[in-house]
Amino acid sequence: MSAPKLPETLTAKDYASDQDVRWCPGCGDYAILKGVLKTLADLQVPREKTVFISGIGCAARFPYYVSTYGFHTIHGRAPTIATGAKLANPELDIWVVSGDGDALSIGGNHMLHILRRNPNMQILLFNNQIYGLTKGQYSPTSKVGTRSPSTPRGSVDSPVSAAQFALGANARFVARAIDTDQKHLPETLKRAHTHDGASFVEIFQNCIVYNDGVFSAFTERAHAADTQIHVEHGKPLIFGADRDKGLRLVPGTLDVEVVTIGDNGFTEKDVMFHDETNHWLAALLAAMEPPNFPVAVGVLYCDPATPYEANFPQNTPLGGSVTSNDDLNGMLRSGHTWTV
């Protein structure tokens, strides 16, 4: 029996699996899945060389719904499995899918190290500031005061900023996107895919059941233009429905402020330009929050470095390259070994 013939050009539907999608009706994960499928079709990635690897959580069901290879692994360990797969076969195109609890609590240690090691893959963090799969406990990114089954009087923990965490771990590509922004999300994912190294993309995702509207302060269409800023390399940091607001570096400080162009003598010349290779600027953008600042989305930071797998053979204890002829049994019995 011959295999079914695939069309020359694959569409988003060709990248969807035949599995029933089992997320809550209205979940932001549907929009992200739609954006990823469009991205795969735009890139025409070879399905036989593509792998989606997830941990545990609502987001972790993602590999079931993509018609590529995939692993639904253990809690927080998707980065570890992904790193091993990349080292075993550097030709694989790997996407890691994780939620805020999976990536920043149970798997915080693993996320830290995959970012600093910089293997070439895309890492998507679905951030809904809650544990949805286990009925709505607060997560590492939950805001202070979040009422949940585990914090009935309100969370008192200071939340983790995913983008700031990634920058602190020396990630070489850090971006943000919003689940329902189907124009911007695929473009951001395509930028992540072209980056040679670990690409970290935080996606603000609405959990309609346990944390509905947690990002509405900057995602609601009525005021999104005044509460979001889409950053692009080389372009001025201007935002607002009337394109009359900008970010200015406060003279003599490392702080930024929002100014209104046309007021108090401010002009476009006072507004900063985005330089995605500037780590300090990326940190300032990642730290901005409502109500005083817009939320920065887009590529905050991109400064490529040699991917981990390119250096890995030279860094092995064997002191040389590992070839396909080196079997595990042979390596275990080489050098100083003993029998118990």
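This is a predicted model: local features need pLDDT of at least 70, side-chain atom pairs count only at pLDDT 80 or more; totals for chains, interfaces and linings use all residues.
Trainee: How do you know that the radius of gyration of the protein agrees with that of a compact globule?

Mentor: The radius is taken over C-alpha atoms, and the globule rule is 2.2 Å times the number of residues to the power 0.38. For 340 residues the rule gives a value near 20 Å, and the protein has 22 Å, which agrees. Along the principal axes, the C-alpha atoms fill a box of roughly 75 × 50 × 45 Å.

Trainee: Why is Pro63 called buried?

Mentor: Buried means under 20% relative accessible area, whereas exposed means over 50% and partly exposed lies in between, with a 1.4 Å probe and protein chains only. Pro63 has 10% relative accessibility, and therefore it counts as buried. Of the 340 residues of the protein, 45% count as buried.

Trainee: Where does Pro63 lie, and which residues is Pro63 in contact with, leaving aside its neighbours within four places in sequence?

Mentor: Pro63 lies in the loop between strand 1 (50–54) and strand 2 (69–72); strands are DSSP runs of E with at least two residues, helices are runs of H or I with at least four, and both are numbered from the N terminus. Contact means heavy atoms within 4.5 Å, and on that basis Pro63 touches Phe52, Ser54, Gly70 and Phe71.

Trainee: What makes strand 4 mostly covered?

Mentor: Seven of the seven residues of strand 4 (residues 121–127) are buried. Both faces are covered, with Met121, Ile123, Leu125 and Asn127 on one side and Gln122, Leu124 and Phe126 on the other.

Trainee: How do you know that strand 4 pairs with strand 3 and with strand 6?

Mentor: Two strands pair if DSSP finds at least two bridges between them. Strand 3 (residues 93–99) is joined to strand 4 by five bridges in the parallel sense, and strand 6 (residues 198–204) is joined to strand 4 by seven, also in the parallel sense. Ile123 of strand 4 stands opposite Val96, and its bridge partner in strand 6 is Phe200.

Trainee: Why are strand 8 and strand 10 said to stand at the edges?

Mentor: They belong to an open sheet of three strands in the order 8-9-10, with antiparallel pairing. Strand 8 (238–239) and strand 10 each have a single partner strand, so one side of each is left without a neighbour in the sheet. Two bridges join strand 8 to strand 9, and five bridges join strand 9 (residues 245–249) to strand 10 (residues 256–260). Gly246 stands opposite Ile238 and also opposite Val259 in strand 10.

Trainee: What lies between strand 9 and strand 10 in their hairpin?

Mentor: There are six residues between the two strands, and Gly252 in the turn has a positive phi of about 80°.

Note on methods:
Residues are numbered from 1 along each chain as its sequence is written. Side-chain values use heavy atoms; hydrogens and water are left out.
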